[in-house]
Amino acid sequence: MRRPKKYESGEATQYITRRAALRKLQLSLNDFRRLCIIKGVYPREPKHRRRAQKGSSEIKILYHSKDIRFLLHEPVVWTLRDYKIFAKKTGRDRAIKDFRNLKRRLAQFPELKLDHIVKERYPTFIDAIKDLDDCLTLLFLFSTFPSLRLIPREQSALCRRLTIEFLHYIIASKSLRKVFISIKGYYFQADIKGQKVTWIVPHYYPFKPHSKAEVDFKVMSIFVEFYTIMLGFVNFRLYHSLNMVYPPQFPASVLADSEETLKDEHTFVSDRIAALNFQLMRTDKVEEEEEDIQMDMELLEQDGDSKRVLKMKQEAQELSRLRTLFKGLKFFINREVPREPLVILIRSFGGAVSWDSSIFPGATFAETDETITHQIVDRPSLSKQYISRDYIQPQWVFDCVNRRQLLPTNKYFLGVVLPPHLSPFVDSKRDAYIPPEEKSLLDPSLIETHEQSDAEDSESEQEDEQQDGETTQNLMDAQLQLAYQEEKIEADQFLGDDVNEDEVEEDDEDNSEEELDNKEKLRLQEKKKMAVQSGKVHKENKRLQRKSEVDEHRLQARMVKPRHRNLFRKLIREKQSKEKEEWLLKKKRRVIDAQDKVEKKAAKKAAKKAAATSIALSS
């Protein structure tokens, strides 16, 4: 038996460097990167880098050897090689000015087909839905890009069309569940086939090209090339599951990609929003969805009244209410409000929406319509207002969706300081800091106004004063009773020195009375001991408490086995960082509350001064 040499087996044979992989596949670095992105092959981190690199201590990019062997039999490799051959032949034809042959070759440009890779990476439809998060986020980002050197306008137009098709499915299926406004953009979460899909729609800002090449758009466009094929398949299956026509037919005035519309950024974005405000064609009636929900509720009622079934019933009722949250409501969006997220939300929950038709295309009714129930405005005041509608700020729509009910509009009127916009994506039972507003949502008993708390404080102070008065009165009565008894005993003793021998029997009677007085005295003393007195606050010594905690921690650290010490230290560091973060947030909140208090006091003083001056001037 031959003795194996060093690095001929084990971890050294499981990994291969990028340079060796390029030699094996006979591809350039750009083609290799493109192939790896499309196939989903990524670099790996070995457990023992020196063994994997055959004794070398340099940091190299390593791949699994089986992944590179897997790429050897990929048809895309031959297409990439055909690109090289095509570039050489067309270059030769240009050099010798053989334009006839060049035209023939350009018509035979090799086409890169990725359909089989989508089927290979996602064997089932649910697998594709699970991987939709990154796909949607990237395609929504590219749908807002203008024409760049590495991003052709056709690619961004394709991204725009696919994302609009996906949003129309979300609107038709009413599968939207959560939404949140952040600095990055608008977070949306939908329930598709039982899977939670979360994506980000970026804020629309005019694009400004950066001077530095901080982002590699070429790599991102390769991801987009694969994700467009994938989302096309997903949209096809989703539309047919709802009996909707695919590809959807939009009006001729919308998404008409001509040279003028592709150049103008404003119309490019406006067409995308206008396309969301149209009803798509279906092959059946819409009422079947409501019948299915009712049938599900009937099946749940037949199962019994266990806790799990009751919980499922409650969730089903909440979802049925959420699906028709804005049903029967009509919204008009002012021109300063970002329209895209609001159109998605309002239409997803059964509402009707429109805007100024003179500025943006796709409007369905005018501002003068008397049936409008809500007008969304993002400015301090309006010159002309209608009595028949509520004028609200955009946050009201987002908060209603997250709370799954129509909230009162008085906190969202024009010019009003808005309540905090809480994220629905955090766990309500987390150990970290929870803002008081979120606590009040979880426990309604914690909600109280400032006036109520002040009234309760004054009532508690009055009760404390009454209790203190009663205790002092009881003490005074007991002291007066004791003083009376002592005076009586002294008087009896003084009179007892002058009695005659004939009055011996009377002395016996006096002695018996004294004994009775002593018993009364003891009884009063015991009563005084049993009296209820105001308690004293027991102050804990924080220094001793901290010392005991440190001692306990040291004892725990000693009991940890040596092999688990690094893990124990990591857990302690995480705990300390969480505690520090919570402490900083609480401190920040205290500072904000103190500033609000000072501002309120200053406003009250200013109002009083203004009232006093007005009275003085009138008199």
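Glutamine 189 has threonine 198 of strand S5 as its bridge partner. This is a predicted model, in which local features need pLDDT of at least 70 and side-chain atom pairs count only at pLDDT 80 or more, while totals for chains, interfaces and linings use all residues. Residues are numbered from 1 along each chain as its sequence is written, and side-chain values use heavy atoms, with hydrogens and water left out.

Strand S4 (residues 185-192) runs antiparallel to S5 over eight bridges. Strands here are DSSP runs of E with at least two residues, helices are runs of H or I with at least four, and both are numbered from the N terminus. Two strands pair if DSSP finds at least two bridges between them.

S4 also pairs with S3. That pairing is antiparallel too, over five bridges. Phenylalanine 180 has tyrosine 187 in S4 as its bridge partner. A hairpin of three residues leads from S3 to S4.

Together the strands form an open sheet of three, in the order S3-S4-S5, with antiparallel pairing. S3 (176-181) and S5 (195-202) are the edge strands, each pairing on one side only. From one strand to the next, the twist averages 15°. In a regular strand, side chains alternate between the two faces of the sheet.

Now the helices. Two packed helices are described by the angle and the distance between their axes. The axes of helix H10 (residues 132-142) and helix H12 (residues 217-241) come within 9 Å and cross at roughly 115°. H10 is therefore roughly perpendicular to H12. That class covers 65 to 115 degrees; under 35 is roughly parallel, over 145 roughly antiparallel, and the rest oblique. Axes are lines fitted to C-alpha atoms, for helices over the stretch in contact, with angles from 0 to 180 degrees between N-to-C directions.

Which residues of H10 meet H12? Among them are Leu132, Asp134, Cys135 and Phe142. On the H12 side, the residues include Met220, Phe223, Tyr227 and Val234. Contact means heavy atoms within 4.5 Å. By class, this contact has 14 nonpolar, two polar and one charged residues.

The model has 16 of them, each a side-chain nitrogen of Lys or Arg within 4 Å of a carboxyl oxygen of Asp or Glu. One joins glutamate 120 and lysine 39, at 2.4 Å from N to O. This pair links distant parts of the chain, 81 residues apart: glutamate 120 lies in helix H8 (residues 115-121), lysine 39 in helix H3 (residues 29-39).

Technical notes:
Ala, Val, Leu, Ile, Met, Phe, Trp, Tyr, Cys and Pro count as nonpolar, Asp, Glu, Lys and Arg as charged, and the others, Gly among them, as polar.
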